[in-house]
Amino acid sequence: MLTTTYATRGADPSTAPAFLAPLDQLKSGLPGAALSWLRDLREQGRERFAAVGLPTIRNETWRYTNLRDLTKLAFHPADAADGNVRFDVLPTVRTEGQTGPRLVFVDGRFRAELSSTEALPAGVELLSLAAAFASHGELIGEHLGRLALADDRPLVALNSAFLADGPVLRVAAGVAVDQPIELVFVSAGSDERPTSFHPRTLIVAEAGSRAVVVEHHIGCGTGTTLANHVAEVFVGEGATLYHYKAQRETASAFHLSHTAATVAKDGCYDNFILTLGARLSRNEVTSVLAGTDARTHVSGGYMVRGSQHADTTTLIDHAQPNGTSREVYKGVIDDTGRAVFQGKIIVRPQAQKTDGHQLNRALLLSDTAEIDAKPELEIHADDVKCSHGCTAGELDDAALFYLRARGIDQETARGLLIGAFLGEAMEEIAEEPVRDAFQALVSGWLEEKR
Amino acid sequence: MIEIKNLHAKVDGKDILKGVDLTIRPGEVHAIMGPNGAGKSTLSYVLAGREGYEVTEGSVTYYGKDLLALEPEQRAAEGVFLAFQYPVEIPGVANTTFLKTAINAMRKHRGEKELDAMQFLKLIREKTKALGMSDEMLKRAVNVGFSGGEKKRNETLQMAVLEPKFAILDETDSGLDIDALKIVAEGVNALRSPERSMLVITHYQRLLDYIVPDHVHVLAAGRVVKSGGKELALELEKNGYRDFGVNEAA
Ligand SMILES: Nc1ncnc2c1ncn2[C@@H]1O[C@H](COP(=O)(O)OP(=O)(O)OP(=O)(O)O)[C@@H](O)[C@H]1O
Ligand SMILES: [Mg+2]
């Protein structure tokens, strides 16, 4: 009997009330209250979270990431856009002066005045979930809550309980969007109290469509924030979706994210996450190859320093024959930073001719840096090619000396080697402007240290 | 002037250099020959400042400065250059990026303006052509997938663009075919000048036909056991190192 269900063992219901109590003050204020299925979804989420609470390290998939610190803070849910944050420049992968489609969310709520949905080709809908409840009830009702299941994941349950806003993108069958669609998430919070928000992203790429989505997660101010993201991504038959994300929230931010994707026949889901920020982050990506000949690339880079903690947890589920999956992760860990990589590949009995490849390499820059890596292959078919590799190492002394012997100072030499190490992951970014922009973020990170 | 006095060094707790004395004046080319394991590369690493090579006694004075007190990059900036016996492969760092970073680090140290992309390209094209190297080798990662001879050419290229004051060539001739040997030797000779000195480590007299040394030394068991003129190299070629109590066949 096969199951991808995570055990609810290792949950702590006593942590639930602190998170759920403020919900009653908010509930009437949540958008889409007239939709009965939405009320049900929220209620189910609430009940589920009340029953299990936050995952603890006794939960197998949370063994290396402890959410204890969250329970020490009284988070207050962000209310409808009350932030007065001002921005001079919002992050973008576009070259200067260029504009393009962009949705901006501050503390989880849509900010129309900062967003732009002009210049989108016909057949592309890009709007906020709060607005979509009214205008696209059917589309939302058909997809929301179908991939990210609250039974398995307490944080998805919590997200559902507070379900209010987030980006919605639908690309109609056969439509290709050339310019990247940017989603900017700003964690602003408040200096008075810790702030939490639970954005929900919905992406529907219909058959034969093609789109590039770039998420920017940034922070401003000094307030403590908890962003608990859930994204549901539907990649239709023969469709290709590039889904990039750069997370560089502040050192007082908690960033939790679960992305659940399903890929139909001949479709391709390409996910890349660059983690630079946040005090604690967890990126959980689940990609299910639900049709034959489907492909998925799930890769990323994580740069961890100070006392940061960054968790990457992936699940590739080969449910049908002839699927291809590829994962390339590179991590750089300094100071007392700690990183976690858990990568699971499941090959179902009928998924013959599966080709799965997973790689995670970590570079430890200090004696106190730490990585916990757990690759896991669960193969139930016999005609498959699957490989995984996990390594942790230090900078190559011989290479460092070689560079220094040519007059390159130690910090620059280290930067060159770290950059080169990450290069293998960065090359996985197929879209050049995105690769360049993310590369610049990496360079910035290396500069900061000097 | 470079003065090496009574230099003792340890690697991994093992005494390798046991009192090396050597004085190299500006403009001079000194050759060091000696059996495998004598400590020739160890001497070159100690001079270049590699970590893990512990100097336990003695001194190295480089144009009045205590060379051993400097970091490797400071030594390079002061004009010390080591052409490695085994050049290091650096995956992911393009040869051009490496060369440009190195050149500009040096220029910065000398108070010169950094080269922009165009100036750099012009310089590097000129030098690679002279050394019979392809543009393609510049695009590749540093030494990765280079043949033995290509690696040695790459070392020579670096020397040519960095224009050191004191170059140590550790078996730069090994792995080179006859034509490449000539090309590399020409590259080295082009750098010879009254201000520059060189320490050429080699096993073969043949190289010294091209790069004619002022002095030849025999390093055996961590010490300079004999010094002479260029004719010493010919003698060694004929008789091996048995006169120095070393069994060459070992
Ligand atoms: N890391 C190390 N630990 C222990 N012994 C070492 C280490 N590195 C070098 N040695 C030893 O030091 C001695 C000198 O080595 P070195 O490389 O300097 O010799 P060499 O004269 O350059 O020889 P060759 O002609 O073969 O290049 C050798 O016996 C070698 O085994
Ligand atoms: Mg040697």
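Start with the salt bridges between chain B and chain A: there are 3. A salt bridge is a side-chain nitrogen of Lys or Arg within 4 Å of a carboxyl oxygen of Asp or Glu. Side chains of opposite charge can pair when their charged atoms come close.

Before moving on, note that this is a predicted model: local features need pLDDT of at least 70, side-chain atom pairs count only at pLDDT 80 or more, and totals for chains, interfaces and linings use all residues. Residues are numbered from 1 along each chain as its sequence is written, chains are lettered from A and ligands numbered from 1 in the order in which they are written, and side-chain values use heavy atoms, with hydrogens and water left out.

**Stop 1: where the chains meet**

Select Glu73(B) and Arg404(A). Their side chains form a salt bridge, 2.6 Å from N to O.

Now show both sides of the contact (heavy atoms within 4.5 Å). Chain B brings 31 residues and chain A brings 16. Together the two chains bury about 1,800 Å², with 69% of it on carbon and sulfur atoms. Buried area is the accessible area (1.4 Å probe) that two parts lose on being put together, summed over both.

Next, look for polar contacts. Chain B and chain A share 9 residue pairs of this kind, both residues at pLDDT 80 or more. A polar contact is a pair of N or O atoms within 3.5 Å; within protein, one must be able to donate a hydrogen and the other to accept it, and residues adjacent in sequence count only if both atoms are side-chain atoms.

Colour α3(B). This helix supplies 6 residues, the largest share of the side of chain B that touches chain A. Helices (H or I, at least four residues) and strands (E, at least two) are DSSP runs, numbered from the N terminus.

**Stop 2: ligand 1**

Select ligand 1. How many residues surround it? There are 15, and the closest are Gly37(B), Lys40(B), Ser41(B), Thr42(B) and His203(B). Here, near means a heavy atom within 4 Å.

Zoom in on the backbone. A backbone N or O atom of Gly37(B) is 2.9 Å from an oxygen atom of ligand 1. For Gly39(B), a backbone N or O atom sits 3.0 Å from an oxygen atom of the ligand. Then highlight α1(B), which gives the most to the shell, with 3 residues.

**Stop 3: inside chain A**

Over all chains, the salt bridges number 37. Select Glu232(A) and Arg200(A), whose side chains meet in one of them (2.7 Å, N to O). Glu232(A) lies in strand β12 (residues 225–235) and Arg200(A) in strand β10 (residues 200–205) of chain A, so the pair ties together parts that are 32 residues apart in sequence.
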